[in-house]
Amino acid sequence: MVQPIDILKETPSQTAGPYVHIGCTPNVTGIHGIYDTDLGASMKTGPVKGQEIILTGTVYDGMGAALKDAMVEIWQADAAGIYPSAQDPRGPADPNFTGWGRSAGDMQTGAFRFETVKPGRVPFPDGRMQAPHVTFWIVARGINIGLHTRAYFADEPEANAEDPILTRIEHQSRTQTLLAEPDGSGGYRFDIHLQGPNETVFFDI
Amino acid sequence: MSNADKARAGGYIPRDRGWHPAPFHPPYKTSVKRAPQAALLSFPSTLSEETGPVFGHTMLGPLDNDLILNFAAPGEAAIGPRIIVHGRVRDEAGRGVAGALLEVWQANAGGRYRHKKESYLAALDPNFGGCGRVITDTDGRYEFRTVMPGPYPWPNGMNDWRPAHIHFSLFGAGFAQRLITQMYFEGDPLIAHCPIIGSISDPAAVGALVAPLDMARTVPMDARAYKFDITLRGRRQTTFENRPEGL
């Protein structure tokens, strides 16, 4: 016998279940009076720098049905490519931008919606620049461990062509599943397919 | 902490996905059409995952960690067995995670959730909302007070019942640590029957979700206590670096 490696195991994930909104967006659920506002409902605390955009989409299951009980969170850099986090060593981010949003989705359609800014570019660990992107995290009933993915922007073809992650996807035909498309009114649409022929690329990071 | 110290923190330790539940677990029926079929794309964590939102203690209300009182009318309280749930949030190296936001939600003592889409015939408790939140202290410790939730039936198999459980959502310092899980109670015979828990194959991993009764923290003539420690992913460190996660 050799000595054991002295490291703890991560607490195992479990599904968020159908009532995740009770804990994370209680006001949306109709539970009022405990929290003044739901966390993540607004990503702006004042006038923000950069291009303001609206990011919308829907999560679909393997039968093409919209999830009406998903919770979607996004995390992104500000317009200058700086994260509003103590873990970002590159200096202060836009003080009026939280970088983080949470959407319970529309109770009837499941559509999520974020009012945010288009993020700047962020370096990869080796120094190459990543294309502008928004990190997504999706939980719901039936999802046993939260799913990470990214939305890139279809109108950034040069940056996308040199992105270290987009370029390492083996089946390049799947990179289009990570592109948010301009919706013609200054916003972007990013649909997520959990399973099937148009399955979104999900990450193990 | 100086920027030079930050530069020595490495990427996140990869997740052990054989320890976590299987995404596709047919006995949990909803997972069948909600589990990706393609392999996940692996890459080392970047600034996008090593950073995460910051939550300050100032956002908390005085009753945010007291589910017995935070929805109750003045002078009243939720009905059910009174318990304290406490524990420590640490990383895989055992370092306390300070400033971690925990959000919890649960059914009432009868197994009924306060949610528009819930139709179980057990009654709502007018003095119980079912959500709470707390931020860990400098040592990674947290505690909240609630009533013990009841088991409830769910439309999966013909006669499936969830064990008593409390849902937990956690934020560490980086978005790669984002975690949602469920805490169960020591000795609950429904744990062995549950298809959601059954998505975890390693009995030791199931055990990590079962909180023991903690008589040492129980308050006599007031509330029993359960201890639930939580482990978040850790970052690799370079030699001689020795600092608490997230500080």
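With which residue does Arg102(A) form a salt bridge, and how far apart are the closest N and O atoms? The partner is Glu103(B), at 2.8 Å. A salt bridge here is a side-chain nitrogen of Lys or Arg within 4 Å of a carboxyl oxygen of Asp or Glu.

The model is predicted: local features need pLDDT of at least 70, side-chain atom pairs count only at pLDDT 80 or more, and totals for chains, interfaces and linings use all residues. Residues are numbered from 1 along each chain as its sequence is written, chains are lettered from A and ligands numbered from 1 in the order in which they are written, and side-chain values use heavy atoms, with hydrogens and water left out.

Arg102(A) also forms a salt bridge within its own chain. The partner is Glu73(A), with the closest N and O atoms 2.9 Å apart. This pair links distant parts of the chain. Arg102(A) lies in strand β4 (residues 100-103) of chain A, Glu73(A) in strand β3 (residues 71-75), 29 residues apart. Helices (H or I, at least four residues) and strands (E, at least two) are DSSP runs, numbered from the N terminus. Over all chains the structure holds 26 salt bridges.

Between chain B and chain A, seven salt bridges are counted. Polar contacts link 44 residue pairs across this interface, both residues at pLDDT 80 or more. A polar contact is a pair of N or O atoms within 3.5 Å; within protein, one must be able to donate a hydrogen and the other to accept it, and residues adjacent in sequence count only if both atoms are side-chain atoms. On the side of chain B that touches chain A, strand β10 (residues 179-185) gives the most, with five residues. That side divides into 40 nonpolar, 25 polar and 22 charged residues. Ala, Val, Leu, Ile, Met, Phe, Trp, Tyr, Cys and Pro count as nonpolar, Asp, Glu, Lys and Arg as charged, and the others, Gly among them, as polar.

In total, 87 residues of chain B are in contact (heavy atoms within 4.5 Å) with 77 residues of chain A. The two chains bury about 7,500 Å² between them, 59% of it on carbon and sulfur atoms. Buried area is the accessible area (1.4 Å probe) that two parts lose on being put together, summed over both.

Strand β11 (residues 203-204) of chain A and strand β2 (residues 41-42) of chain B pair in the parallel sense over two bridges. Two strands pair if DSSP finds at least two bridges between them. Asp204(A) has Ser42(B) as its bridge partner in β2(B).

Within chain B, five strands form an open sheet of mixed pairing, in the order β5-β4-β9-β10-β11. β5 (131-135) and β11 (210-211) stand at the edges, each with a single partner strand, so one side of each is left without a neighbour in the sheet.
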